[in-house]
Amino acid sequence: MIENVLARKNLSFKLKITVKSLISLGIVVLAVVLPQLVHLALGKAGGVQWLPMYLPVLLGGCLLGWTWGLGVGIASPIVSFLITLAFGNPMPVAARLPFMIVELAVFAAVSGLFTKKIAQNGWMAFPAVLLAQVSGRTVFMLLVLIFKSVTPFTPAMIWSQIQAGLLGMVLQAVLVPFVVMGLKLLLDRGGND
């Protein structure tokens, strides 16, 4: 969606990269800060229930497309882990980090595949987010099944976490598309001025 706005404004390649980099950085920062706020307010259980890192990553995919979204999806858990590790309480925990990198990469890439459709019709953010959520959670479960002999996670444990996070997923399935549609309206209005 952002690519369409930048193309309409006839910006140079260098300026497009700068804008996308700044947006990506902002989304990664949000993906680091939002979980900290949720964990501070609601504890560890709040993170499992509300899945706060997923929201910015889904937003990044919808806005930036699959390639930049993929970068945001990969960078978010890594940056969060490194920053929180420096304070002695890494989030996500090291054992979960590789799984979360792949899961969030899938979230962002799948939602990013819809970015051109979203630019045409903001309502396309709804199927983008839903398909990304189902794909990401499915890939996470498949990875746990494949690597269950070398990971501390069991399919039953992950299934219970998926169930615990359903409310957060539903909230994000509604909130992210409305944010995307709102931004689309603002950007479209700005392009007409």
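Asn10 lies in the loop between helix 1 (2-8) and helix 2 (13-50); helices are DSSP runs of H or I with at least four residues, and they are numbered from the N terminus. The model is a predicted one, in which local features need pLDDT of at least 70 and side-chain atom pairs count only at pLDDT 80 or more, while totals for chains, interfaces and linings use all residues. Residues are numbered from 1 along each chain as its sequence is written, and side-chain values use heavy atoms, with hydrogens and water left out.

**Backbone geometry in loops**

- Asn10 has a phi near 55°, a positive value in a residue other than glycine.
- With a relative accessible area of 71%, Asn10 is exposed; exposed means over 50% relative accessible area, buried under 20%, and partly exposed in between, with a 1.4 Å probe and protein chains only.
- Leu51, in the loop between helix 2 and helix 3 (54-64), also has a positive phi, near 50°.
- Leu51 counts as buried, at 7% relative accessibility.
- A cis peptide bond runs from Met91 to Pro92, with omega near -5°.
- Pro92 belongs to the loop between helix 4 (66-86) and helix 5 (97-112).

**Nonpolar cores**

- A nonpolar core is a set of buried Ala, Val, Leu, Ile, Met, Phe, Trp, Tyr and Cys residues joined through side-chain atoms within 4.5 Å.
- The largest such core has 34 residues, and those with the most contacts inside it are Tyr54, Cys62, Leu104, Phe107, Ile118, Val176 and Val180.
- Two or more residues of this core come from each of helix 1, helix 2, helix 3, helix 5, helix 6 (115-120), helix 7 and helix 9 (166-192).
- Helix 3 supplies the largest share of this core, eight residues.
- Not counting residues up to four places away in sequence, Leu104 touches Met53, Tyr54, Val57, Gly73 and Pro77, where contact means heavy atoms within 4.5 Å.
- Another core, of eight residues, lies apart from the largest one, and its members include Phe99, Leu143, Val144 and Phe153.

**Helix 7**

- Helix 7 (residues 125-146) has 22 residues and spans 31 Å from its first C-alpha to its last, close to the 32 Å expected at 1.5 Å a residue; the expected span is 1.5 Å times one less than the number of residues.
- Its buried residues include Ala125, Val129, Gly136, Arg137, Phe140, Leu143 and Val144.

**Aromatic pairs**

- Rings of Phe, Tyr and Trp (its six-membered ring) pair if their centres lie within 6.5 Å; planes under 30 degrees apart count as stacked, over 60 as edge-to-face and the rest as tilted.
- The count by this rule is six aromatic pairs.
- Phe99 and Phe153 form an edge-to-face pair, with ring centres 5.6 Å apart and planes at 85°.
- Because Phe99 lies in helix 5 and Phe153 in the loop between helix 7 and helix 8 (155-164), the pair ties together parts that are 54 residues apart in sequence.
- Phe99 and Phe153 are both buried.
- Trp123 and Phe178 are also edge-to-face, with ring centres 6.2 Å apart and planes at 75°.
- This pair links distant parts of the chain, 55 residues apart: Trp123 is in the loop between helix 6 and helix 7, and Phe178 is in helix 9.
- Trp123 counts as exposed at 53% relative accessibility, whereas Phe178 counts as partly exposed at 47%.
- Phe99, Phe140 and Phe153 are linked into a cluster by ring pairs.
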